[in-house]
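Keep the structure in view as you read.

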There are 2 protein chains.
Amino acid sequence: MSDLLAINTIRLLAVDTVAKANSGHPGAPMGLAPAAHTLFKQMRFNPRNPAWINRDRFVLSNGHACALLYTMLFLYGYDYTIDDLKSFRQLNSKTPGHPEAELPGVEVTTGPLGQGIANAVGLAIAQAQLAATYNKPNYELFSNYTYAFLGDGCLQEGVAQEAISLAGHLGDGLKLIAFWDDNQISIDGDTNVSFTEDVPAKFRAQGWEVLSVKDGNDDLEGIAAALAKAKTTNKPTLIRLPTIIGYGSLQQGTHGVHGSPLKPDDIKQLKKKFGFDPEQNFVVPREVTESYAKHVADNQQVEVEWNKLLTAYTKEYPELGQELHRRLDGKLPENWQKALPTYTVDDKPVASRKLSEIVLTSIEKELPELVGGSADLTGSNLTRWPDAVDFQPKSTGLGDFSGRYFRFGVREHGMGAIINGISAYGANFKAYGGTFLNFVSYASGAVRLSALSGHPIIWVATHDSIGLGEDGPTHQPIETLAHLRALPNLMVWRPADGNETSAAYLRAIESKHTPSIIALTRQNLPQLEHSSIEKAAKGGYTVYPVENPDIILVASGSEVSIAIDGAKKLGTEGVKASVVSIPDFFTFDSQARSYQLSVLPDGVPIMSVEVMSTFGWSKYSHEQFGINRFGISGPGPEIYKFFEFTAEGVADRASKVVQFYKGKELLSPLNKAFESVHA
Amino acid sequence: MSDLLAINTIRLLAVDTVAKANSGHPGAPMGLAPAAHTLFKQMRFNPRNPAWINRDRFVLSNGHACALLYTMLFLYGYDYTIDDLKSFRQLNSKTPGHPEAELPGVEVTTGPLGQGIANAVGLAIAQAQLAATYNKPNYELFSNYTYAFLGDGCLQEGVAQEAISLAGHLGDGLKLIAFWDDNQISIDGDTNVSFTEDVPAKFRAQGWEVLSVKDGNDDLEGIAAALAKAKTTNKPTLIRLPTIIGYGSLQQGTHGVHGSPLKPDDIKQLKKKFGFDPEQNFVVPREVTESYAKHVADNQQVEVEWNKLLTAYTKEYPELGQELHRRLDGKLPENWQKALPTYTVDDKPVASRKLSEIVLTSIEKELPELVGGSADLTGSNLTRWPDAVDFQPKSTGLGDFSGRYFRFGVREHGMGAIINGISAYGANFKAYGGTFLNFVSYASGAVRLSALSGHPIIWVATHDSIGLGEDGPTHQPIETLAHLRALPNLMVWRPADGNETSAAYLRAIESKHTPSIIALTRQNLPQLEHSSIEKAAKGGYTVYPVENPDIILVASGSEVSIAIDGAKKLGTEGVKASVVSIPDFFTFDSQARSYQLSVLPDGVPIMSVEVMSTFGWSKYSHEQFGINRFGISGPGPEIYKFFEFTAEGVADRASKVVQFYKGKELLSPLNKAFESVHA
């Protein structure tokens, strides 16, 4: 089979796919078909087992070009039919408008620009970490490459730039090869309207190898040679690939082919030009199918050999081998959770960021898959256990690639996308990133994709409120919890004490498909009398029970103990107040409605207490005590007083609430007329 | 006076300031004092009139070093006393933990890393735009420079990288000079743990001039020479300034001096070393005061001359001069709002992104201060009026600096920070940026600072829901409105038709201190019978009134007309349903409670209808119909049906709600036991 036949088949399938949908992006697939063909030809993967751990990874960072990816996956015999291509971008199809991680052969969800290349950095880091941890002489279990395609759009995004900079720093040994689709076109037209930097020089300044192909449209040998050369360097490599967007179209080289289907006449002339029947659509010449099938068969043999290698390895290194088997099965070590610390009311007050450090230090030995770091706030986030080894190239003298602690630099968004990539690698990785809660917002794009893609990563988000004090309103979250709680498929833990912190980690580590934010205090918190890991792990429970309460106070994190103090004060004034702790909305929402209503029943006024925006709390309460303005700089305890988050401030408002609702019929806010079918 | 005396005065004031607060960052101020002294010496500004429009701007992008900034402002006679320095980081002081834009002499709020340098790009753009618009031969009204200090942390942030790249592209004529505090230290220790790129080469690759000072601690002549040289180039310039963090401290050059006060003994030896009395604090030698006062007096003369120039200019160019006077007074043209289009129910359905384009096209001629652009989505956001001129260096042949349309590239976060900077310049700039609503999240850090700092910028946020269709869940906002609505001081408009779109722009353009997001549809929306600019400008109103309703449906944007269809259907079934449109929570919340309760009264069940997370809607409703999961790829209308957002889907749920609450006593969700004192 001629390469050109395969390439033109790819081009035309992508064109037909977009035309049938009457929606999508044909230009980039047409320009990138030669590179995709040449790259896939030498990749190791098994379409019958897309989860094979040592497969080469391919990331389409310019996710809008997904007609290309679906075409490749279809041609290579992944679980797609020609009908899947024909239902591109249709409701409930297997070929949505951007690639989604749960689809066969799609490594990570892309489309939001810049994320894919940053995920690719994470995938390459994961490979390097596993290789340094498990590979032994004659047992190169982990040797895969991570490849990425990216366009000019990705290169302009900050998240990409952060990850590219870090990859350059970590470079010595990362098996990462990226193709830059240098087609000079973005949605606003020629890239010269906004993007005129010297991309190769910029990458070189950041420690990358940069190679160039003369002509990405025709020079297959050049593409193959660049790939081969990239593998001889230890650095991450950018291959500059000058292409013509919409190659072959009458509109080639313009943004007219970027985001709209080609016109019927254009498609006809294209098919003629490529030697295809202009009247036929979705044509796959048998030679192409056969040639690709041959590659698949070869690849399956590669996996068979790898499995043999793993068997032999497990004999020679039984402990490591069994650990690896366990990780590949996606199982946690038995009883790992026994390492989680528990506390009683007599234990001393501790900041929850410190409680988090104690958890990490306690569980890291049980969980070799636990890896993480901080965006240059290690000493503040307390994310590093005492004898952690840094993940650094050996050449730096600062660590090695078996290290499990990452120095992400001041790169929150890049960090988020990188830990998504580590998680996407598989092998049960539990990856975490640390920063101040307020700066998780910098990484919103990556957090959203964690939730959408179901990467069970963890954000260690310290300095979680006005309690951080002097740094002031620029650093004090107000809207942050509302933002995160509004995301589907995201746990947002805000533990109130030691047991609740352990519960947060229990759920976060156990999670298979839901990421977690763990919001932690800078300031000390007392250990609560009625907390337990078991109760807190339900997401919400009564932490200060009284019989037949006149009011229920519902709070989270650092405000739980203040609410309890308020309840005690109310008690002395003859008002019976109980307190409910809701460390995580998502987990509480997943409990049976009967349990939820036992915690927040009908007939009792409920007031929320949290030093944040009240936005969203009316879901659980009739009245809200919060802070609907930005914070203020000053010592933390003084700020709490300033905003009246004290026993007195709580009791005062609670009394008003009791008075207001006296004699009024009252439903629990959770008692609803209908259940959302879309929850 | 010797320069060294002034520099050591600055260093010791910063050290004393942090020590007194027992909180803060002494190291960077100590290292940067020589550069600050040398820079300020040649800057033009007037501490008695910090708002003088042609002043040089100084941005401390590494905002944690604010003890330096407050010290400089104090020494230069801005409205700060020594007691203000002594109350650093205390509650309600004038010297909070990070610089805040409302303080005298502080140009922009910094602290969240990377924002300041991006703001500085915006400030320099604003200067260039005004110069190209108003300067005439012999009337160089706008000639100021924008200076920035930034540290390694800023350089690692994506938002900074985006703005730096764009500044390099726009470079030919931007008066922007940045000092890189190359002190090799960040919070995690030596920058070599994560940041080893070749910064000068990277800047050069992006079109910047890069100069180097040999020794930032001592080489004052070198600093001055670099500054002078930077002014001879047309490019934005980075001056590399190697400094020793905590210069003079026993711990100099370590991260020990980054974020904690120096120890008392260390401070004593430092004072001795610098020739100061070790027992005295907050000492300002008279020579220093006098020397700085002299510079201020000279500068005041500069402003006097400038005012004369403006007077003469206004005589020679009366139209431009009066326009400029109006803008400097912060006033809009009289009757500008008459240019806002209005619609009747007979007008045809139009997508609100298109309605937005019609508004921009209608008002741009009235408002020369209206400038904006898109993050490479011009044709999708419809942000460019037909005959707009692009803001581009003339040398590109693509526009000129009098242009009011920006090609931001795929750089949402950078765009957000840049329009903040344009707004911060003054001259009544109304700056907007366009992207998909979902990707406003990429810019969360900048959006938050718009709200905190009170920059009345505007986000034109199109493709605002599942209605965008085929692009799928990666592009369909779910949590986004909840996130933005939870921010204090932010309008989040989601207009339902043409009149509401005009109302959104009315409020956004009139705003002095509150930024706006305007969420707009890709799909067509019908014109509503009862909408008007006046009503919608209240943020919420009854858009489909019925007498004594059995249920109130409350909706926003594209769901308002669906709710009305639902109400009509309910009417045919004997259920009286009215519909309330809430185009903006923030504005509705600012109305009198009596008005709010007239719209959402006691005694009637209220159900919200919005194709987003229901999070937050319980604030206005008893029941919520929304989408608490991620979206789906497919044609927009089919997705609406899939999620049952149709007249039938609304009516069905509304009937259940009416049934559920029949006979139950019901308060309006806005009828509360207490008013939050902190709203």
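Lys94(A) is partly exposed, at 26% relative accessible area. Its partner in a salt bridge is Asp79(A), and their closest N and O atoms are 3.4 Å apart. This is a predicted model.

**A pair in chain A**
- Asp79(A) counts as exposed, because its relative accessibility is 51% and the cut-off for exposed is over 50%.
- Asp79(A) sits in the loop between helix 3 (66-75) and helix 4 (82-86), while Lys94(A) sits in the loop between helix 4 and helix 5 (115-134), so the pair ties together parts 15 residues apart in sequence.

**Pairs in chain B**
- Glu369(B) and Arg326(B) form a salt bridge, with 2.7 Å between the closest N and O atoms.
- Glu369(B) lies in the loop between helix 13 (352-363) and strand 9 (370-374), and Arg326(B) lies in helix 12 (residues 318-328), 43 residues apart.
- Both Glu369(B) and Arg326(B) are buried.
- Arg407(B) meets Asp390(B) in a salt bridge of 2.8 Å, N to O.
- Arg407(B) is buried at 13% relative accessible area, and Asp390(B) is buried at 6%.

**The wider picture**
- Over all chains, the count is 58 salt bridges.
- One network of salt bridges links Asp464(A), Arg485(A), Arg494(A), Glu559(A) and Glu610(A).

**How the copies relate**
- The same surface serves both copies: 100% of the contact residues of chain B recur in chain A.

Conventions:
Residues numbered from 1 in each chain as written. Chains lettered and ligands numbered in written order. Predicted model: local features only at pLDDT ≥ 70, side-chain atom pairs only at ≥ 80, totals over all residues. Heavy atoms only, no water. Contact = heavy atoms within 4.5 Å. Salt bridge = Lys/Arg side-chain N within 4 Å of Asp/Glu carboxyl O. Helix = DSSP H or I, 4+ residues; strand = E, 2+ residues; numbered from the N terminus. Buried < 20%, exposed > 50% of the residue type's maximum accessible area, 1.4 Å probe, protein only.
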